Amino acid sequence: MAPTDFQITRHATAAELRAATHQHLVTHEAWNNHLFGVLGAAAAGGFPGDNLWLSAARDEVVVGCALRTPPWPLSLSYGCDDETASALAAVAASAYDEAFEVNISPHLAAAVARGLEVELDEVSAQGIYRLEVVRTPHGVPGQMRRAAEWDVDMVCQWTLAFQDEVGGGIRRSATELRALVRQWIGSGALVVWDVDDRSVSMASARGPTPNGVRISLVYTPPEHRAKGYASACVAALTQRELDAGRKFCFLFTDLSNATSNRIYRAIGYEMVGTLAQYRRR
C-alpha cells in the first residue's frame with residue numbers, strides 16, 4: 001500500500017495527468033521526454049483503452065507519476081525517489097490482473113520490484129541523449145527533404161525493417177501502419193535524405209516536450225550504410241527543429257549498438273541518462 005503521507009491520484013485522462021505533473025516532469029525534461037510524448041499523443045486521441053494515469057504528491061507537491069497504455073509497459077517518471085516509485089508501482093499492480101513490463105531509470109528498479117512484489121530482470125537499456133548545438137557532418141552528398149505522399153510505401157517497408165532490427169514493439173496491421181505513416185508525413189514529422197534523386201535514409205521528429213522534441217525512427221537500408229547518410233539526415237533534422245525554436249532535441253539509442261551511439265555523439269548529442277526495460281522474472 002502507498003505510505004500514509006502520499007496522495008496517489010488516478011486521473012481520468014492524460015490531459016489531467018499532464019496538467020498535474022507538468023512542473024515535476026519538466027524539471028528533468030530530457031529524462032522524461034518519453035512520458036511527455038505518450039501524454040501528448042494520448043491527449044490528442046491516441047491510446048484508447050483501459051489506461052492508467054497516476055500522480056503522487058506529498059504535502060500537495062507532485063513528486064512522481066506513472067502511466068500505462070496497455071499493452072505497452074508501465075512507465076515511471078525520472079525524479080521519483082524510491083518510496084514514491086514503490087508506492088506508484090503498488091497502485092499500478094492493483095489496477096491490472098496480468099503481469100506487465102516496466103520502463104524506468106535503472107536506479108528505481110529495486111524500489112519498483114518491491115512495489116510490484118515481483119523480481120525484475122533487465123531486458124534492454126537505452127541511452128537518453130540530448131543536444132543543444134549541432135555539429136554538421138561535412139562531405140556527405142545529398143539533401144534532406146520533407147517526406148511526401150509518394151513515399152508512403154517506402155516508409156512502411158523501412159519502418160517494418162527498423163522494427164525487425166531494434167526488436168520489441170507492437171506490430172500494426174498494414175492498414176494501421178499506412179494510416180500512421182500518412183499522419184507522420186502530413187504533420188511534417190518525417191524527413192528523407194536523398195542522393196541523386198534516390199532516397200537513402202529517413203528520420204522523424206515526434207513526441208514534443210515543452211522545450212524540445214524527440215528524434216526517432218532513424219533508418220538507413222543496409223546497402224546505403226557506412227556512408228554518413230543517417231548522420232547527415234539526423235543532423236539536418238535536428239537543426240531544422242532548433243531553427244524552429246526548440247531549445248534542444250532528444251533521442252534514444254540502444255546501448256549495445258556502438259555505431260549509433262558514436263554517430264550521435266559525433267553530431268553533438270550527449271548522453272544524460274538511461275532508460276531500461278524490465279520484465280517480471
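**Exercise 1. How many disulfides does a search of the whole structure find?**

Solution. A disulfide is counted when a pair of cysteine sulfur atoms lies within 2.5 Å. By this rule, the search of the whole structure finds 0 disulfides. Cys80, for instance, is in no disulfide, and the nearest cysteine sulfur, that of Cys65, is 6.6 Å away. Cys80 is buried, at a relative accessible area of 6%; buried means under 20% relative accessible area, exposed over 50% and partly exposed in between, with a 1.4 Å probe and protein chains only. For Cys249, the closest cysteine sulfur is in Cys233 at 13 Å, too far for a bond. Cys249 is also buried, at 0%.

The model is predicted: local features need pLDDT of at least 70, side-chain atom pairs count only at pLDDT 80 or more, and totals for chains, interfaces and linings use all residues. Residues are numbered from 1 along each chain as its sequence is written, and side-chain values use heavy atoms, leaving out hydrogens and water.

**Exercise 2. Find which residues of helix α6 are buried and where they lie around the axis.**

Solution. Step 1: helices (H or I, at least four residues) and strands (E, at least two) are DSSP runs, numbered from the N terminus. Step 2: the buried residues of α6 are Leu177, Leu180, Val181, Trp184 and Ile185. Step 3: seen down the axis, they fall within an arc of 140 degrees, taken from the directions from the helix axis to the C-beta atoms, so they line one face of α6. Step 4: on the other side, Thr175, Gln183, Gly186 and Ser187 are exposed.
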